[in-house]
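Morning, everyone. I have one structure for you today, and I will keep it short. Please have a look at it before I start talking.

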Amino acid sequence: MARIQASEPAPLSHTLQFGRALLPDGWAENVEIDIADGLIHAIRTDCAGISSSRSSLTVVSGLPNLHSHAFQRGMSGRTEYRLSAKEDSFWTWREQLYKFIRNATPDDIKAISALAFAEMLEGGFTRVCEFHYLHNTPAGSPYTDPAEIAGQVAQAANAAGIGLTLLPVFYAQGGFGGQPPSDGQERFLNTLDSFSSLLDHAERHCETLEGAVVGVAPHSLRAVTHQQLAAMRTFRPDKPIHIHIAEQIKEVEACLEWSRARPVEWLLEHADVDEHWCLVHATHTDETERGNIAKSGAVAGLCPITEANLGDGIFELPVFLKAGGLFGVGSDSNVSIDAADELRLLEYSQRLRFKRRNVINTDSGGSSGRMLYEAALEGGRRASGTSARLAPGHSADMLVLAPSEILSGKDTNDAILDEWVFRRGKASIAEVWVRGGRMVEQGRHVRRSEFEADFLRALKRILD
Ligand code: ZN
């Protein structure tokens, strides 16, 4: 039984001091931020009297994590061996996933999710878009409350103190063209009617979570028919809508066989894709498709660590960026959780692919660390349906970096972001604040020990 309660409420009103801050219009020094009721109330710059213990600290807006399956944190480190003599792939990994979740209870999912969310905060993410598809009992029937597990995930987010964009997933088919579901998918399935009820219940679970957003997620073009996809868009038309797409070559081949179109090509032709959409992965796209995603206003949801871990492939950035495309990053399978690692691997995968440096940097000059960070912030905001920024009236979601002593007065402020993204990662993170509450101190979540104990109990139960 997981013993998770809500985190301590943040003090109603307080003032924080920082040596520097990256504000929407650029860097500022000697900054005071007033916080009231979880929101930024006022920001003052060039203040006298910043305390010596705070003057070395740099504050930036926390990043949204635009794609996660929190329960998969339970499999992290447990699938790194070869399963098939012929070929190990995403598809053999998926079989391990189906086995892992066979007996997991709602309490187990809550315990695993709480640790995953705590680790996201430790890694610099202050909000998570939780793409939640585990809905039913192991026998495949709905719980009395059809959003039982979604509710446990919402409680876990509340306990860890991370902002939540909950995306209940609609999953009905086992392959393109309305194929029947396969063994192992029983816990994911809904009809449009049962999903509508699940969505209502999920919203009720989130009512008491400050700043929570509830959107929808058709799982993939494999898992929904054309008609079901059209219906999904009507459920919550003003909220985020996320879909897995073009992650695997086999998926592209199956889509071509079914429709004579590639997945992204098909989606852009048959759905009204706009800025509410997040196309997760979009790995196997051609230049025309990537240009058209950019034109649509949809965000490309890139998950470099998971895409590397699963052997998916590389989303090619240059044409997409040139067309003004937005992207964000997500921790997806949560095999390891760190915002800086995601940004670094995204850039490094481009360098390996194109055999040149600083690919994110489409202009000459400027810091690649800052460009990666700011791009992921903008894409993450849009995909999560929020307006995260360090400005009055916005949620006080802040990442506090403690630069190393190597950085000297001659270095630019941007060097702090370069150091975080390219060299130190989590070691740069001193504090993480969400809605004005300090959830991470000296790099560690304030409730990590308790969450770890609950996580280990849940894992033992699932694996025994
Ligand atoms: Zn995913």
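I will go through the metal site, a sheet, a pocket and the cavities. Keep in mind that this is a predicted model.

Let's start with the metal. Which residues hold the zinc ion? The protein donors are H67, H69 and H244, each through NE2, plus D332 through OD. They lie 2.1 to 2.6 Å from the zinc ion. Now the geometry. The angles between the four donor atoms run from 84 to 172 degrees. A tetrahedral call needs all angles between 85 and 135 degrees. For reference, the ideal angle for four tetrahedral donors is 109.5 degrees.

Next, the spacing along the chain. The donor pattern reads H-x1-H-x174-H-x87-D. H69 sits in the loop between β5 (63–68) and α1 (90–100). D332 sits in the loop between β13 (326–329) and α11 (339–354). So this pair ties together parts that are 263 residues apart in sequence. Buried or exposed, these two? H69 is buried, at 3% relative accessible area. D332 is buried too, at 5%.

On to the sheet. Four strands make an open sheet, ordered β10-β11-β12-β13, with parallel pairing. Its edges are β10 (241–245) and β13. Each of those has a single partner strand, so one side of each has no neighbour in the sheet. From one strand to the next, the twist averages 30 degrees. Inside the sheet, β11 (residues 277–281) and β12 (residues 299–302) are joined by three bridges. V280 stands opposite G301 in β12.

The largest share comes from α12, with seven residues.

Last, the cavities. How many are there of 30 Å³ or more? There are three. The largest cavity has a volume of about 190 Å³. It is lined by 19 residues, and F90, W93, Y133, H219 and H244 lie nearest its centre. The largest share of this lining, five residues, comes from α1. Note H244 in that list. H244 is also one of the zinc donors.

That's my tour. Questions, please.

Technical notes:
Residues numbered from 1 in each chain as written. Predicted model: local features only at pLDDT ≥ 70, side-chain atom pairs only at ≥ 80, totals over all residues. Heavy atoms only, no water. Donors = N, O, S within 2.8 Å, 3.2 Å for Na, K, Ca; no water. Tetrahedral: all angles 85-135°; square planar, octahedral: opposite > 155°, others 65-115°. Helix = DSSP H or I, 4+ residues; strand = E, 2+ residues; numbered from the N terminus. Buried < 20%, exposed > 50% of the residue type's maximum accessible area, 1.4 Å probe, protein only. Pairing = 2+ DSSP bridges. Axes fitted to C-alpha atoms, helices over the stretch in contact; angles between N-to-C directions. 1 Å grid on protein atoms, 1.4 Å probe; cavity = no way out; pocket = protein on both sides within 12 Å on 5 of 7 lines; lining within 4 Å. Points joined across faces, edges and corners; volume = space filled by probe spheres on them.
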